[in-house]
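Try each one by yourself before you read its solution.

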Amino acid sequence: MWSAARKLGENSDDSYDDDSDDEIPFAKKKFWISYATTAMDVTVNVVVAAILFLIFYLTIWVICKTIRKTLAYHSKHAAKPLDAQLVAFVITAIKLLLWIQIVPILVNQVGIAVDSVIAVLGAITVGIGLSLRATAENFVAGEQSSQRWR
C-alpha cells in the first residue's frame with residue numbers, strides 16, 4: 001500500500017515501482033501497452049484474413065466459371081450433351097473441396113488453433129456416422145423402416 005509519505009510527495013526509502021504487487025493490473029502502464037499491442041496484432045490478422053477471403057473467393061469464382069464454361073462448351077459440341085444437374089453437381093463439389101481447404105487457412109490467420117477445430121469436426125462426423133449406421137445398413141439391405149405411416 002502507499003504510505004502517507006508517498007501521498008504527501010515526500011521521499012521515502014522505497015521508490016514507486018510500476019511492477020509493485022499492490023497495484024491493480026489494469027492500472028499499470030505495461031498492461032495498456034501490451035493490450036494495445038495485442039489489439040493491433042489481432043486487427044492486422046483480421047484485416048489480412050479478410051483480404052485473403054476476398055482473394056480466395058474471387059479465385060474460386062474464376063475456377064468455377066471456367067469449369068462451367070468448359071463443360072458448357074463440351075456439352076454443345078459433343079454427340080451426347082452433359083446433363084445440367086451433373087454440371088451443377090461438379091461445380092458444387094469443387095466449391096466444397098476448395099472451401100474445405102481454404103477455411104482452415106483463414107481461421108489460422110485470425111489466430112484460432114485449427115487443430116482443435118478439426119478435432120471437433122472429426123468427432124461430430126464420427127457421431128453422425130455412428131448414429132446413421134443402422135439406417136444405412138437397412139437401406140443397403142433393402143429393408144423398409146419399422147415405423148410406417150399408414
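Predicted model: local features only at pLDDT ≥ 70, side-chain atom pairs only at ≥ 80, totals over all residues.

Residues are numbered from 1 along each chain as its sequence is written, and side-chain values use heavy atoms, with hydrogens and water left out.

**Exercise 1.** Find the salt bridge and work out how its two partners sit in their helix.

Step 1. A salt bridge here is a side-chain nitrogen of Lys or Arg within 4 Å of a carboxyl oxygen of Asp or Glu. The structure has one: R133 with E137, whose closest N and O atoms are 3.1 Å apart.

Step 2. Helices are DSSP runs (H or I, at least four residues), numbered from the N terminus. Both partners belong to helix α5 (residues 133-141), and since they are four residues apart, about one helical turn separates R133 from E137.

Step 3. An α-helix has 3.6 residues a turn, so residues three or four places apart point the same way.

**Exercise 2.** Is α5 mostly buried or in the open?

Step 1. Buried means under 20% relative accessible area, exposed over 50%, and partly exposed in between (1.4 Å probe, protein chains only).

Step 2. R133 comes out at 52%, so it is exposed; E137, at 44%, is partly exposed.

Step 3. Now take the whole helix: of the nine residues of α5, zero are buried, so α5 lies largely in the open. Just past its end, G142 has a positive phi of about 85 degrees.

**Exercise 3.** Classify the ring pairs W32 with Y35 and F53 with W99.

Step 1. Rings of Phe, Tyr and Trp (its six-membered ring) pair if their centres lie within 6.5 Å; planes under 30 degrees apart are stacked, over 60 edge-to-face, and the rest tilted. That rule gives five aromatic pairs.

Step 2. W32 and Y35 are 5.6 Å apart centre to centre, with 80 degrees between the planes, which makes them edge-to-face. They sit three residues apart in helix α2 (residues 29-77), about one turn of the helix.

Step 3. For F53 and W99 the centres are 5.6 Å apart and the planes at 35 degrees, so this pair is tilted. It links distant parts of the chain, with F53 in helix α2 and W99 in helix α3 (residues 84-110), 46 residues apart. F53 is partly exposed at 38% relative accessibility, and W99 is partly exposed at 23%.

Definitions and conventions:
Helix = DSSP H or I, 4+ residues; strand = E, 2+ residues; numbered from the N terminus.
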